[in-house]
Amino acid sequence: MSDHENAGYDEWLDAIAGGDGYFLECGNGHGSLPPRRICPECGATDLETTPLPEAGTVETYTVVHVAAPSFADDVPYTTAVAKFGPVRLTGVADDDVEVGTDVSVKIGESETTGDRLLRFERR
Amino acid sequence: MTGVRIAGVGLTHFGKHPERTGRDLFAEASEHAFADSGVSHDDIEALYYGNFMGELAEHQGHQGPLMAEAAGVRAPATRYESACASSGVAIRQAVKDVRNGEADALLVGGAERMNNLGTAGTTEALAIAADDLYEVRAGMTFPGAYALMARAYFDEFGGSREDLAHIAVKNHEHALPNEHAQFQNEISIEQALDAPMIAEPLGLFDACPITDGASAAVLVSDEYAEEHGLDAPVSITGTGQGGDRMALQGRDYLARSPAAEEAAEEAYAEAGIDAGDVDVAEVHDCFTIAEVLALEALDFYAPGEAIGAARRGETTRDGDRPINLSGGLKAKGHPVGATGTSQLVEMTRILRGDHPNSDSVPDAKTGVTHNAGGTVASATVHVLEVVS
């Protein structure tokens, strides 16, 4: 992974770390994630930041046993996709989550590289 | 509008060839395709070539001209990159060019060198087909992505690891007589279920191997085939492409592949057929669950119905509609950029009657190939028919 900054995304992680997570919402109510100038659903450009719901629901998950080098020391770990209002997020989750588990999103870090990542914790 | 004939097809062996360069692999596949076609190198008007990770595996970008040179072709050459659907997209461009009258003879194909990167390096390289910010940084690997889809499928429709094991067992059995296949060995349900987990619920035998290889085909117009007296009985009568959101998290469905549904609808409409007319298919089974999603996207089964197809014997060699008679990506191997064209190569031989598994479908007239990129954010479907 390169060490350059990713404007839009890095600030979004900062906001989640500070408990002020958000998503982008267009006038038609479509949700999306930064960096984003244009609504991927309808092409609208009037995107506003809207607070991310505090609770999300796990829709699917996997326990990864064979990882890329950047997660070599993390295995086994759980990656999940969870729905927060109109958007879904992908993150590393507590190991005992199942489909339907309620989670909140925090910022954690990779045990291998120390890089920041999205982390889902059971509520 | 002219028809598009498949004049000749060629493959390398699919397997572990870490010492062989991409250019050498593609040269061999193209050599076989030209020999099979009766078309002169001088007549080729363009090369459309698929490759996914050449920059990472060989420190080699701009592969189009390199591969034209390797194939002995002096013509404009373009590389197509759509992850694992790279050469499916290349074929589609060639079909359009022939139909539009832009060209009468074209070379298509693809190649991938992977084993020189090792398992960890390949896992990392393949992951660049996912969304780096939103998926890879959360530890998503490609097996992990398909595992997420498998779990979502089981949750929505039911199904089990044993259902998936039947797909792996079937495809290994189909590969037995295929000399191009990476694996020519039978496996059992127990072996598949007992194999180490890669990303739950997918184990080692749910995954295709890491493969080096290349594929090529010479495509010509009906007029060219007639003028040159070519023996080219198979035509590409339909091409379709579909797209979806890059990341799984942005999709409408986690357990369906609308991009492939869209590609199939378009290809069937062009060919004037529906799913019921298809005798045989080669589908993109990079993981066992991917074969299930493909069969539903191709409308061979309703959503939730294809999971038991292999177990019920409907997709086996002696079933009603055999799937992946080549062995599929699972057993034949998956050199990413070569896969789309390799499916075309296998299906052409199946329909011509010179494939080792042609005897399973002696009356087959219509075949379909289904090639998917990433977690099916890209998909192409082609319809092949025996026309003479």
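Arg245(B) is partly exposed, with a relative accessible area of 31% (partly exposed lies between buried, under 20% relative accessible area, and exposed, over 50%, using a 1.4 Å probe and protein chains only). The model is predicted, with local features requiring pLDDT of at least 70 and side-chain atom pairs pLDDT 80 or more, while totals for chains, interfaces and linings use all residues. Residues are numbered from 1 along each chain as its sequence is written, chains are lettered from A in the order in which they are written, and side-chain values use heavy atoms, without hydrogens and water.

The partner of Arg245(B) is Glu41(A), and the closest N and O atoms of this salt bridge are 2.9 Å apart (a side-chain nitrogen of Lys or Arg within 4 Å of a carboxyl oxygen of Asp or Glu). Because Glu41(A) sits in the loop between strands S2 and S3 of chain A, and Arg245(B) in the loop between strand S8 and helix H10 of chain B, the pair joins two chains (helices are DSSP runs of H or I with at least four residues, strands runs of E with at least two, numbered from the N terminus). Glu41(A) is also partly exposed, at 44%.

Within chain B, a salt bridge connects Asp222(B) and Arg5(B), again with 2.9 Å between the closest N and O atoms. Asp222(B) belongs to helix H9 and Arg5(B) to strand S1, so the pair ties together parts 217 residues apart in sequence. Arg5(B) is buried, at 11% relative accessibility.

Glu291(B) and Lys170(B) form a further salt bridge, 2.8 Å from N to O. This pair links helix H11 with helix H7, 121 residues apart. Glu291(B) is buried at 1%, and Lys170(B) is buried at 2%.
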